[in-house]
Amino acid sequence: MTGFVSFVGSGPGDPELLTLKAADRLGRADAVLFDDLSAGPILDHAGPEADLVGVGKRAGRVSPRQNHVSRLLVDYASAGQRVVRLKSGDSGLFGRLEEELIALREAGIPYEIIPGVPSAVAAAAQCGIPLTRRLTARRVQFVTGHDTNGRLPQDINLAALADPSACTVVFMGKRTFPALLAALCAHGLPPETPAILAEAISTPAQAAHRATVAALAERLAGEIGDKPALILYGPLAEIGVGFD
Ligand SMILES: C[S@@+](CC[C@H](N)C(=O)[O-])C[C@H]1O[C@@H](n2cnc3c(N)ncnc32)[C@H](O)[C@@H]1O
């Protein structure tokens, strides 16, 4: 008997941002394999009998290898279980979804993908701004601030990231932002470009700090803390507010 895997985007952390489909699949799952950022009260939506298995991958910590996670998924589903693979935000954004899909395909296991609220979208909402400011932000772009070794990726498009008409959201970028900013300024990004550091959005630890990109890089060169964070910069609306 073959089971079934639902890839579920958990949203940024607040269980009220789960979709109805996500809550339904969690409630009917025999096993839930979850990342660190999808833990906490979101797991309360799983049934009392469900196996809850943490497979978190967080920067700077020892984490299960990706092929181990794929193997676990295949093993649970091959045993006939209904499995939820819970990933933060939307599973398809910097979530290493493809590796797990390939493993399931190769094992002949059926699956579905249920989208979630991306943390970048939730951050803009929480800060009270649109991601695309009318007439000034012509584009929005999501970029990762680190490669598989935790370093600034060498193949990022610096000209696009220095485009003053784009709103940019950097994922996993706290550690590398000072180096990124130096490269961006060399490509013409003004150091006074507005920026927001949005941390642990939609959780009790959330905070948002408004600054210029230059001031933010200086702050992050000193202390980065351990909260998950996004850096937004570009033609950001001025109406939004920071909060702690
Ligand atoms: C592996 S990526 C996954 C992104 C996720 N799939 C999404 O759609 O938001 C993890 C990174 O997403 C960002 N992130 C996820 N949840 C967040 C939150 N609640 N607040 C701020 N940043 C968050 C951080 O940059 C974090 O390091």
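This is a predicted model: local features need pLDDT of at least 70, side-chain atom pairs count only at pLDDT 80 or more; totals for chains, interfaces and linings use all residues.

Reader: How is the packing of two helices described?

Author: Two packed helices are described by the angle between their axes and the distance between the axes. For helix H2 (residues 66-78) and helix H3 (residues 97-107), the axes come within 9 Å and cross at roughly 40 degrees. Because of that angle, H2 counts as oblique to H3.

Reader: Is the crossing of H2 and H3 left-handed or right-handed?

Author: H2 passes H3 in a right-handed crossing.

Reader: At what angle do the axes of H6 and H7 cross?

Author: The axes of H6 and helix H7 (residues 213-222) cross at roughly 150 degrees and come within 8 Å. Phe177, Pro178 and Leu181 of H6 make the contact with Val213, Ala214, Leu216, Ala217, Leu220 and Ala221 of H7. Sorted by class, the contact of H6 with H7 has nine nonpolar residues, no polar ones and no charged ones. H6 passes H7 in a left-handed crossing.

Reader: Which residues of H4 are buried?

Author: In helix H4 (residues 119-127), the buried residues are Ala120, Ala122, Ala123, Ala124 and Cys127.

Reader: What do the buried residues of H4 pack against?

Author: They pack against strands: S6 (139-144), S7, S8 (194-199), S9 (207-212) and S10 (229-233). Just after H4 comes Gly128, with a positive phi of about 75 degrees.

Reader: Now a single residue. Where is Lys174 placed?

Author: Lys174 is in the loop between strand S7 (166-171) and helix H6 (177-186).

Reader: Is Lys174 buried or exposed?

Author: To judge this, compare the relative accessibility with the cut-off: buried means under 20%. Lys174 has 9% relative accessibility, so Lys174 counts as buried.

Reader: Which residues does Lys174 touch, not counting residues up to four places away in sequence?

Author: With those left out, Lys174 touches Leu197, Glu199, Leu220, Ile224, Gly225, Asp226, Lys227, Ala229 and Ile231.

Reader: What does the side chain of Lys174 reach at 2.7 Å?

Author: At that distance, the side chain of Lys174 reaches the backbone oxygen of Lys227.

Note on methods. Residues are numbered from 1 along each chain as its sequence is written. Side-chain values use heavy atoms; hydrogens and water are left out. Helices (H or I, at least four residues) and strands (E, at least two) are DSSP runs, numbered from the N terminus. Buried means under 20% relative accessible area, exposed over 50%, partly exposed in between (1.4 Å probe, protein chains only). A polar contact is a pair of N or O atoms within 3.5 Å; within protein, one must be able to donate a hydrogen and the other to accept it, and residues adjacent in sequence count only if both atoms are side-chain atoms. Contact means heavy atoms within 4.5 Å. Axes are lines fitted to C-alpha atoms, for helices over the stretch in contact, and angles run from 0 to 180 degrees between N-to-C directions. A crossing is left-handed if the near helix is turned anticlockwise from the far one by less than a right angle, and right-handed if clockwise. Ala, Val, Leu, Ile, Met, Phe, Trp, Tyr, Cys and Pro count as nonpolar, Asp, Glu, Lys and Arg as charged, and the others, Gly among them, as polar. Angles under 35 degrees count as roughly parallel, over 145 as roughly antiparallel, 65 to 115 as roughly perpendicular and the rest as oblique.
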